[in-house]
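Reader: Hi! Could you walk me through this model?
Author: Happy to, have a look at it here.

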Amino acid sequence: MIYLDAAATTAVRPEILDTVWPLMTTEFGNPSSRHTIGESAARALDYARTLAASVLGVRAGDIVFTSGGTESNNLALKGLALANPRGRHLVTTAVEHSSVRESVDYLVRHHGFAVDVVPVDREGRVDPARIAAALRPDTTLVSVMAVNNEVGTIQPVAEAAAAARAVGALVHTDAVQAAGWVDLAPLAAATDALSVSGHKLGGLKGAGLLYLRGRLEAEPVLHGGGQERGRRSGTENVAGAVSTATALKLAAEASAGGAAEGYGRFLADYVLKGLDGAALLTGHPTERVPGIVSFCFPGTAGEAVLLELERRGVVCSSGSACHAGSSDPSPVLLAMGYDADTALTAVRLSFSRGVKEAEIAQAARATVAAVKAVAGL
């Protein structure tokens with residue numbers, strides 16, 4: 001079976017398992033405990049914080065360990081908006097992850113914030129000039145994802161951030177799908193907050209981090225014992241933190257090589273040519289990460305294509321894992337201008353840098369055959 005659903009999750013890397021196993025067995029202490037086992041855990045947590053900070057080019061004290069991308073996005077949006085009362089206006093885009101969309105909706109419903117949701121073009125990309133036009137004197141926070149999780153489009157975060165900072169607004173980016181494909185250090189330098197999820201990179205599920213610049217105040221989403229410098233209470237998941245930081249470091253090292261850079265383009269070209277007009281590549285043609293290739297196949301049902309692909313040995317998805325199981329069309333594709341019927345035909349094939357060229361070639365052939373079988377071509 002060829003697994004092409006890395007944007008949903010990845011297998012834990014063997015070297016990460018080796019690293020974290022002692023932290024779940026013999027060195028299992030609570031890092032707040034003042035005894036030998038607790039102090040050992042605290043040192044491991046400090047190591048993880050320093051390692052993650054070195055990849056992002058930030059200070060170790062700016063790293064907050066969380067339970068993953070969803071919590072990181074919630075803490076960034078709610079925490080910064082509520083703790084920095086410059087005003088009650090937010091700016092975001094129409095293609096953000098549901099954890100950003102729902103956090104913004106919460107701030108609107110329960111705290112009286114206003115929001116400008118900036119549209120994107122047919123390729124899923126936002127125009128920085130439209131971000132700039134939406135800014136107001138009372139804009140507190142701008143949130144623009146780095147890479148779209150459904151279609152792989154890279155957003156112009158640095159340009160949007162420059163416009164926001166010019167008026168004094170804070171900037172957050174959801175970098176969950178960018179990690180491993182895009183250098184995160186420039187993104188961190190351009191923004192005030194950046195979210196990462198470990199299990200997209202070969203780390204453990206239920207672990208991630210949020211970069212929060214300097215001494216920025218952030219209202220906690222979780223209240224309790226004041227761990228993580230008061231920004232995220234709860235006994236730290238030491239093994240999860242180490243796995244996330246290690247996965248981030250390994251992904252950054254792997255991104256220096258270009259072994260998988262052409263795989264996405266090959267997959268897209270093969271399917272488009274093989275289906276000769278019966279396939280639509282979604283997302284930007286060039287400003288995209290190689291690891292996410294998404295199509296719409298008009299005249300089919302996306303779920304039927306997925307089942308046929310699995311029968312042919314390829315596992316993938318119809319879009320965001322957080323949207324799986326819903327019979328509604330993707331909000332991302334609707335925002336890009338696709339009609340509901342076409343959006344329901346979407347299929348996403350996503351991979352990490354460890355994928356083999358032969359697997360991509362086999363998946364390309366299987367995709368063409370599966371769509372032809374479903375569509376009766």
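**Contacts and overall build**

Author: In the chain, 74% of the contacts with a separation of 6 or more are between residues 24 or more positions apart, where contact means heavy atoms within 4.5 Å. This is a predicted model, so local features need pLDDT of at least 70 and side-chain atom pairs count only at pLDDT 80 or more, while totals for chains, interfaces and linings use all residues. Residues are numbered from 1 along each chain as its sequence is written, and side-chain values use heavy atoms, with hydrogens and water left out.

Reader: Thanks! How many helices and strands does the chain have?
Author: There are 13 helices and 12 strands, taken as DSSP runs (helices H or I, at least four residues; strands E, at least two) and numbered from the N terminus.

Reader: And what share of the residues is buried?
Author: Of the 377 residues in the chain, 56% are buried, meaning under 20% relative accessible area with a 1.4 Å probe, protein chains only.

Reader: Changing topic: where is Ser-103?
Author: Ser-103 sits in helix H4, which covers residues 98-111.

Reader: Is Ser-103 buried or exposed?
Author: Ser-103 counts as buried because its relative accessibility is 0%.

Reader: Which residues does Ser-103 touch?
Author: Leaving out residues up to four places away in sequence, Ser-103 touches Asn-73, Asn-74, Leu-77 and Lys-78.

Reader: Last one: what does the C-alpha trace span?
Author: Along its principal axes, the C-alpha trace of the chain spans about 65 × 50 × 35 Å.

Technical notes
Buried means under 20% relative accessible area, exposed over 50%, partly exposed in between (1.4 Å probe, protein chains only).
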